[in-house]
Amino acid sequence: MNAGQRENSAGEIDPTTVSTNPIRFCDIHPSKKVKFYCKNDRSMFCSKCILKHTEMKHEVIQISPKIDEMKKMIEEMVIEVEKHEDSLTVNEELYNKLEMKVRKKFNEEVDKLEKSFRRIMD
Ligand SMILES: [Zn+2]
Ligand SMILES: [Zn+2]
């Protein structure tokens with residue numbers, strides 16, 4: 001009986017395991033997830049740290065998982081544009097269309113975030 005040889009793909013890198021984890025924890029409170037971002041300090045922190053920033057009248061926004069969605073959208077846009085660069089016909093119209101779409105979405109989300117944050121502070 002011959003067992004036969006099978007190719008072992010154990011050395012292969014699985015792209016699904018390479019993806020980075022978007023959940024981050026606070027430097028000061030390692031058990032708390034970061035949920036806010038300070039525009040003045042350009043840092044992220046948890047709901048316990050937020051008072052420190054608001055007392056100093058810093059501009060703080062709430063981080064939403066939708067920001068990751070937006071990042072994905074921008075990546076898709078870049079891929080779409082690169083495809084066209086490959087065929088040596090850079091489609092400016094398509095590029096502008098995609099850029100507008102992303103920008104609109106981005107503005108909508110930032111608006112929503114700032115509104116919901118103001119509600120929390122009131
Ligand atoms: Zn914290
Ligand atoms: Zn701050």
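This is a guided tour of one predicted protein model, stop by stop.

**Before you start**

Residues are numbered from 1 along each chain as its sequence is written, and chains are lettered from A and ligands numbered from 1 in the order in which they are written. Because the model is predicted, local features need pLDDT of at least 70 and side-chain atom pairs count only at pLDDT 80 or more, while totals for chains, interfaces and linings use all residues.

**Stop 1: the whole chain**

Show the protein as a cartoon. It comes to 4 helices and 3 strands. Helices here are DSSP runs of H or I with at least four residues, strands are runs of E with at least two, and both are numbered from the N terminus. Follow the sequence and the pattern reads α-β-β-α-β-α-α.

How much of the protein counts as buried? The share is 3% of the 122 residues. A residue is buried if 20 or more other C-beta atoms lie within 10 Å of its own, exposed if 12 or fewer, and partly exposed in between, with C-beta atoms placed from the backbone.

Now think about contacts: two residues are in contact if their C-beta atoms, placed from the backbone, lie within 7 Å. Among contacts between residues at least 6 apart in sequence, 36% join residues at least 24 apart.

**Stop 2: colour by confidence**

Switch to pLDDT, the predictor's confidence in each residue, from 0 to 100. The protein has a mean of 75, and 70% of its residues reach 70 or more. Which element has the lowest mean pLDDT? Select residues 15-18: helix α1 has the lowest mean, 45, among the elements, while α2 has the highest, 93.

Where pLDDT is low, the predicted coordinates should not be read in detail.

**Stop 3: the sheet**

Select the 3 strands. They form an open sheet in the order β2-β1-β3, with antiparallel pairing. Strands β2 (43-45) and β3 (60-62) stand at the edges with a single partner strand each, so one side of each is left without a neighbour in the sheet. The twist averages 30° from one strand to the next; angles run from 0 to 180 degrees between N-to-C directions, and axes are lines fitted to C-alpha atoms, for helices over the stretch in contact.

Zoom in on β1, residues 36-38. It pairs with β2 in the antiparallel sense over 3 bridges; strands pair if DSSP finds at least two bridges between them. Find C38 and look across: S43 in β2 stands opposite.

**Stop 4: two loop residues**

Select R42, in the loop between β1 and β2. R42 is not a glycine, yet its phi is positive, about 55°. It counts as exposed, with 7 C-beta neighbours inside 10 Å.

Next select K57, in the loop between α2 (50-55) and β3. Its phi is near 60°, a positive value in a residue other than glycine. K57 is exposed, with 8 other C-beta atoms within 10 Å.

**Stop 5: helix α4**

Select residues 92-121, helix α4, which includes E92. Is E92 buried or exposed? E92 is exposed, because 10 other C-beta atoms lie within 10 Å. Draw a distance from E92 to V81: their C-alpha atoms are separated by 9.0 Å, and the two are 11 residues apart along the chain.

Move along α4 to K112. K112 counts as partly exposed, with 13 C-beta neighbours inside 10 Å. End with a distance from K112 to Q62: C-alpha to C-alpha they are 9.7 Å apart, though 50 residues apart in sequence.
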